[in-house]
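The points below are meant to be read beside the model.

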Amino acid sequence: MDIARFPRIRFGHLPTPLEPMENLSRVLGGPRLWIKRDDCTGLSTGGNKTRKLEFLMAEAVAQKADVVITQGATQSNHARQTAAAAVRLGMRCHILLEDRTGSTDPSYTDNGNVLLDHLHGATVERRAGGSDMQAEMQVLATKLAEAGHRPYVIPGGGSNPLGALGYVNAALELVNQSTERGLHIDHLVHATGSAGTQAGLVVGLQALNSPIRLLGVGVRAPRERQEAMVHDLGCRAWDLLGLRGQLSREAVAANCDYVGDGYGVPTPGMVEAVTLLARTEGLLLDPVYSGKGMAGLIDMIRKGRFTKNENVVFLHTGGSVALFGYPGAFGHATH
Ligand SMILES: *Cc1c(COP(=O)(O)O)cnc(C)c1O
């Protein structure tokens, strides 16, 4: 597998640490829980989009872009990290934010990631929930090109085959870490949304012949659709890498039972998970992704899905900046 031939700009603080969660393991009564700290990747507080942007922004540079366009939900971590990456490269950043939750809480609409988008100097425009965001980006790209700019369009979540290479790399990194310390990892669990993270991981793990079982915890789509998205994107990343054979469909597993009322809408399990991690491990999860991912992991542990001696790694994909968009979910009035 030859990832080195793809141009890459080093934004990440890599490798990210792999740390034991002894307190949480004790409180939950096993299995042995670990956390892979991709919340510490750097780039405007870090998160999983850093690894994808290393490849995507390298392509933007190669195409001599002077402005990047991307989209996400109001509290998009991807938008915030893309804005920071653009700053590093002296490019403008134009963000389209979709109102997926309908929340009118000013903390949600203007604090957290939105505050940082503005702080990084990005141009931010809003779109109604349900808009065709890909089409909206194309319209904007055409307009900017007509005005003499060279726009580069990054899909939501940075999830295309090139962006997914960031997580093929992360799989390599994790397998190396487990070998170095003689740790047998049984399961890897993380929040899955636009699918690039899981697609990259599933490709990387299969390409390395790793026995680690991967499970995505969905935050938006139902299981069938989420797994199809991951597998489809994984196949395209597989082809991009020129790997032989084909990506296994069986290796793609998502549990989408923890979405609740919808994307970005708090659930009691998320609130419990965020609070528990804050108070047992001193770790900050987020309300939209890692909080629901951890809620799923906790529930599966309580249902006996893992044995006491198994090693389960939770991939912390970042996002804690969004906590400041959701004070009400944690019992704090905004004003
Ligand atoms: C984007 C994001 C995810 C989901 O990653 P995908 O590649 O979109 O599936 C998970 N956690 C956080 C914090 C994110 O910002």
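1. Glu98 has Arg127, in β5, as its bridge partner. Strands here are DSSP runs of E with at least two residues, helices are runs of H or I with at least four, and both are numbered from the N terminus. The strand β4 covers residues 92-98 and pairs with β5 in the parallel sense over 5 bridges. Two strands count as paired if DSSP finds at least two bridges between them.

2. A note on the basis of these values: this is a predicted model, in which local features need pLDDT of at least 70 and side-chain atom pairs count only at pLDDT 80 or more, while totals for chains, interfaces and linings use all residues. Residues are numbered from 1 along each chain as its sequence is written, and side-chain values use heavy atoms, with hydrogens and water left out.

3. Which strands stand at the edges of the sheet? The sheet is open and has 4 strands in the order β5-β4-β3-β6, with parallel pairing. The edge strands are β5 (123-127) and β6 (151-153); each has a single partner strand, so one side of each is left without a neighbour in the sheet. From one strand to the next, the twist averages 25 degrees.

4. Arg127 also takes part in salt bridges, that is, a side-chain nitrogen of Lys or Arg within 4 Å of a carboxyl oxygen of Asp or Glu. One is with Glu125, where the closest N and O atoms are 3.1 Å apart. Another joins the side chains of Arg127 and Glu136, at 2.6 Å from N to O. Arg127 is partly exposed at 21% relative accessibility, on a scale where buried means under 20% relative accessible area, exposed means over 50% and partly exposed lies in between (1.4 Å probe, protein chains only). Glu125 is partly exposed at 24%, and Glu136 is partly exposed at 26%.

5. How do the helices α7 and α9 pack, and at what angle? Helix α7 (residues 161-180) and helix α9 (residues 223-240) pack at about 85 degrees, with their axes 9 Å apart. Axes are lines fitted to C-alpha atoms, for helices over the stretch in contact, and angles run from 0 to 180 degrees between N-to-C directions. The two helices are therefore roughly perpendicular, a term for angles of 65 to 115 degrees. The contact (heavy atoms within 4.5 Å) involves residues including Pro161 and Leu165 of α7 and Leu233 and Leu240 of α9.

6. Helix α10 (residues 268-280) and helix α11 (residues 290-302) cross at roughly 90 degrees, and their axes come within 8 Å. That makes α10 roughly perpendicular to α11. Among the residues that meet are Met270, Val274 and Leu277 in α10 and Met294, Ile298 and Arg302 in α11.

Note on methods: Angles under 35 degrees count as roughly parallel, over 145 as roughly antiparallel, 65 to 115 as roughly perpendicular and the rest as oblique.
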